[in-house]
Amino acid sequence: MADDHPTQMWHTSRSAFERGTSYCPFARYVEYHAGPFGYGFQRKAQSLPLVTGTYTHAGPTAILQWVIDARQHNGVQPDAVPDDVVRWACEQAIEKYKKVIHTRGVLTYGGDDPEATRRLETLVTEQSYLIEGLIWQWALQRLPVYLRDYVIVAVEEEETLVLDCTCGMGDRVGDVSDHESRGCLGIVLQSRPDLIASRRSDGAYGYVEFKTAGQARKTWADSWERKQQFLMGIVGAERRHGVEITHTWVEGLIKGKRQRPWGSDPETPKIQDTMLCYPYYKPPTVPGELSEWRPQYNYIDRDGLEYTAGRKEGYRKTALWEIPRLDAFPGIPDEMSVSEYWSKVLVEEYPFHAAKCISVIGPLPKQREQIDKALRSLVAEEKLWQDRLWRIYEFAQANSVEWGDDRFMQFVESVVPRSWNCDPFGPDHPCPNQPICHPVTDDWRDPVARELFVYRVPHHDPEKQQAVSRGLVPHEGWGQEDEEVEEGEAE
């Protein structure tokens, strides 16, 4: 569990481990260890953020926390969640997204060009509809399953686990504060499972992660069987709750590819190509006729019959927000948003298509034989990093050099190798550290002052408390988020 005071022990996480092993050791150095505070740099975000798990996951976790609070208050888990709670969760998630937009001043990026500003505003609207649509799809399709089959135990609890203990208490025993009070120099593994739930039928505990992806590719789904995230997240939750977690699964929220509309020219802006934002619309042709909406060009109704929503039938792919509310959705209640209305229509009338918005991977059995291996690998990697950073520190002190000095950087490069995996998600999504690794100006020498990067704000609370105690003042909202390019995004 998270401690009330900042520890001085060595902190790490699955994200740091994977950054250095799966992508590039030098990227881990820049992002997790470089700089005067020792917590790394983040590329300063210079564009409007697209929807990632940071925003969409906020909805389901808020709803599930409401379920926990209701059970604690009433003594029994509710068998349904009111629509008002889902609406509130959507509002919270969209507000979180728009707060980042405001912090970055994104809507000023268009300058004096009204067309550029209009495009930015449209993109913010599109992404807000996407957030709301994904949350509603999860609430309509998956939440009833949880309420029926599981007891919700915990949501986004910070977990810490001590490894390579030096104080004699032992690995995976006690809290961090217990070890630190004994002068321990062990390694603190941080994790934050999205959800822990207990199955009603047999009491077995499961660990759930919410993930957002452009598409539910088979390679992405298959990769989860041996994901470090599950292996490293299970042990902390097991220690806290005193149970064994026997199975895991992923709740995939599928947001659709970001691409130009079919048949458009190369200058046309890309859209989030999903029925949650751009279904097919047929306006009334005579007075008294109702408008019609279809999920895709080729669609299947609830009876399994196939149809086409083509131009000759009067349909056009249309943004949900571009049609006057009452014209497009006659009779819609005042308290219901267009996104909510359309989400419910999808689930009720077009279940085949609605199912494409959610991809459940698993349940996967706990990989018992892999957990100890994974933890030993993590300890080996972290001890390697401790040695690397100590050598860098000694060189800097002995030669009175620091970041930005050519001699310092050359020594770092002799200790921390590059993988040269500079385009891990394809050429459209290069590694954010390229202005440092492949500089064309001297801005890299002071990347924060030159506004290329910001100091990284640790994702996990224990490390964040430690960073603040060492002088870091968090400026959240400016750093490029870890998930701004996600698995499954590259072509």
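Reader: Is Y129 buried or exposed, and at what relative accessibility?

Author: This is a predicted model. Y129 counts as buried, because its relative accessibility is 19% and the cut-off for buried is under 20%.

Reader: How many aromatic pairs does the structure hold?

Author: The structure holds 23 aromatic pairs.

Reader: What describes such a pair?

Author: Two quantities describe a pair of aromatic rings: the distance of the centres and the angle of the planes. Take Y129 and W321. Their ring centres are 5.1 Å apart and their planes stand at 55 degrees, so this pair is tilted.

Reader: Where do Y129 and W321 sit in the chain?

Author: Y129 is in helix α6, residues 114–141. W321 is in the loop between β15 (316–317) and α11 (325–328).

Reader: Why is the pair of W138 and Y146 tilted?

Author: The planes of W138 and Y146 are at 40 degrees, so the pair is tilted; the centres are 6.0 Å apart. W138 is buried, with a relative accessible area of 0%. Y146 is buried too, at 1% relative accessibility.

Reader: Which residue has its charged end over the ring of F26?

Author: R418 does. Its charged end sits 4.0 Å from the centre of the F26 ring.

Reader: What lies over the face of W224?

Author: K227 lies there, at 5.3 Å from the ring centre of W224.

Definitions and conventions: Residues are numbered from 1 along each chain as its sequence is written. This is a predicted model: local features need pLDDT of at least 70, side-chain atom pairs count only at pLDDT 80 or more; totals for chains, interfaces and linings use all residues. Side-chain values use heavy atoms; hydrogens and water are left out. Rings of Phe, Tyr and Trp (its six-membered ring) pair if their centres lie within 6.5 Å; planes under 30 degrees apart count as stacked, over 60 as edge-to-face and the rest as tilted. Helices (H or I, at least four residues) and strands (E, at least two) are DSSP runs, numbered from the N terminus. Buried means under 20% relative accessible area, exposed over 50%, partly exposed in between (1.4 Å probe, protein chains only). A charge sits over a ring if NZ of Lys or CZ of Arg is within 6 Å of the ring centre and within 35 degrees of the ring normal.
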